[in-house]
Amino acid sequence: MASSPFSSNIDTIMTIERHILEQQRFHPEATGVLTNLLYDIALAGKMIASQMSKAGLAQILGKTGDVNVQGEQVMKLDKLADETLYMLNDHTGRLAVIASEEHKDIIPIPEQYPTGKYVLLYDPLDGSSNIDFNVGVGTIFAIYSRVSASGPGTIEDCLQNGRKMVAAGYIVYGASTMFVYTTGEGVHGFTLDPSIGEFLLSHENIKMPNIPTYYSVNQGYFNRWSPGVQKFTQHLQAITSETQSISMRYVGSLVVDFHRTLLSGGIFYYPWDISKPEGKLRLTYEANPLAFIAEQAGGAASTGFEDILDLQPRSLHQRTPLFIGNTDLVRQAEEYIRKHG
Ligand code: AHG
Ligand code: MN
Ligand code: MN
């Protein structure tokens with residue numbers, strides 16, 4: 001093998017593209033389309049991050065005045081992120097169909113463009129109620145292979161069981177911008193180097209630490225929860241011993257609360273309650289992709305009764321309770337719910 005003319009200790013500069021290409025060794029059937037699709041999403045992330053950094057100046061803070069399918073106020077950055085992701089993906093011939101939190105129905109590929117073999121679902125901006133307060137937000141995405149034969153993709157392409165996911169990831173716009181993804185070969189994190197506009201590998205093969213550091217839940221709703229969820233929370237609050245204490249952190253942006261859980265160990269949960277019997281978070285573009293990542297990082301994700309990835313989605317925006325993080329904590333939550341309801 002020809003020897004390199006460079007010293008052997010130069011650091012490998014691992015961009016997303018190089019990492020995904022090297023991951024392709026595990027997917028002989030891969031044709032590079034998935035690599036390019038992930039790259040398109042990373043580019044959208046860079047563009048959204050750039051807009052985010054100017055949000056306070058460019059008058060794109062605040063509400064558009066529109067209300068989305070969820071009945072929620074659409075923030076200007078929600079709309080901008082949604083349009084950016086669509087514009088970078090509608091023409092590439094890589095997708096059969098797109099689905100977005102901000103659109104009631106599936107988004108067809110315009111007929112002047114070819115359709116492809118993948119399906120992309122996304123939450124363009126997660127945590128958007130936090131935007132005006134400069135709190136971290138994110139983008140979440142899930143990728144499947146189409147199940148429809150050819151031509152325009154269908155709702156069935158978008159309502160596949162989570163274990164069929166080909167890839168999942170998120171971009172977190174915080175103190176730095178990070179791109180975290182899995183194709184089923186572990187979880188890998190990249191940090192944006194704004195000076196070169198490139199995401200560089202910073203967290204290879206992320207595994208959730210076994211010792212939990214934080215639990216994360218909106219305790220403002222404590223009185224609305226079932227007895228099992230209340231007792232589980234009191235159990236977490238009582239974990240103070242010489243070896244272990246577990247603090248509480250809650251930002252109110254799922255991606256940020258999950259990202260911290262992934263790196264620090266612990267559990268995030270958004271349970272059902274008397275006012276939200278199905279919970280608040282959406283299965284197809286919030287719970288499913290993060291559940292795939294959690295399991296790939298050695299953790300678990302549950303509704304409180306069953307694994308998120310075992311659910312058969314019934315509708316695009318269906319909601320689900322979510323308990324996600326260290327496997328032992330997720331199973332403890334299920335046990336409290338089994339015992340106390
Ligand atoms: P989105 O901004 O995409 O609608 O998601 C908001 C979600 C999620 O990010 C977060 O975990 C949750 O809303 C916070 O809800 P509460 O304010 O009820 O705690
Ligand atoms: Mn969201
Ligand atoms: Mn959103």
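Student: What distance separates a polar side-chain atom of Tyr221 from an oxygen atom of ligand 1?

Tutor: A polar contact is a pair of N or O atoms within 3.5 Å; within protein, one must be able to donate a hydrogen and the other to accept it, and residues adjacent in sequence count only if both atoms are side-chain atoms. Here the distance for Tyr221 is 2.6 Å. Tyr270 also places a side-chain N or O atom 2.6 Å from an oxygen atom of ligand 1, and for Asp126 the corresponding distance is 2.7 Å. The protein covers 89% of the 470 Å² of accessible area that ligand 1 has on its own, where areas follow the Shrake-Rupley method with a 1.4 Å probe and, for residues, only the protein chains shown count as cover.

Before we proceed, note that this is a predicted model, in which local features need pLDDT of at least 70 and side-chain atom pairs count only at pLDDT 80 or more, while totals for chains, interfaces and linings use all residues. Residues are numbered from 1 along each chain as its sequence is written, chains are lettered from A and ligands numbered from 1 in the order in which they are written, and side-chain values use heavy atoms, with hydrogens and water left out.

Student: Which residues come nearest to ligand 1?

Tutor: A residue is near a molecule or strand if one of its heavy atoms lies within 4 Å of it. There are 19 residues around ligand 1, and the nearest are Asp126, Gly127, Tyr221, Tyr250 and Tyr270.

Student: Which strand gives the most to the shell around ligand 1?

Tutor: Helices (H or I, at least four residues) and strands (E, at least two) are DSSP runs, numbered from the N terminus. Strand β5 gives the most, with 3 residues. Both β5 and β13 (266–270) supply at least two residues of the shell.

Student: Which residues coordinate the manganese ion (ligand 3), and which residue bridges the two ions?

Tutor: Ligand 3 is held by Glu101 (OE), Asp123 (OD) and Leu125 (O), at 2.0 to 2.2 Å. These donors follow the spacing E-x21-D-x1-L. Asp123 is the bridge, and the manganese ions lie 3.7 Å apart.

Student: Is Asp123 buried or exposed?

Tutor: Buried means under 20% relative accessible area, exposed over 50%, and partly exposed in between (1.4 Å probe, protein chains only). Asp123 is buried because its relative accessibility is 0%. Glu286, at 1%, is buried as well, and Leu125 belongs to the buried class along with Asp123.

Student: How many residues of helix α6 (residues 254–264) are buried?

Tutor: The count is 10 of 11, so α6 is mostly covered. Among its buried residues are Asp257, His259 and Arg260. Just after α6, Gly265 takes a positive phi of about 85°.

Student: Which residue other than glycine has a positive phi near 50°?

Tutor: That residue is Asn205, in the loop between β10 (198–203) and β11 (214–216). Asn205 is partly exposed, at 40% relative accessibility. Asn134 likewise has a positive phi, of about 60°, without being a glycine. Asn134 sits in the loop between β5 (118–126) and β6 (137–145), and is exposed at 75%.

Student: Where is Gln318 placed?

Tutor: Gln318 is in the loop between β14 (300–302) and β15 (322–325). Despite that loop position, Gln318 is buried, at 8% relative accessibility. A polar atom of the Gln318 side chain lies 3.0 Å from the backbone nitrogen of Ser315.

Notes:
Donors are N, O and S atoms within 2.8 Å of the metal (3.2 Å for Na, K and Ca); water is not among the atoms, so sites may look incomplete.
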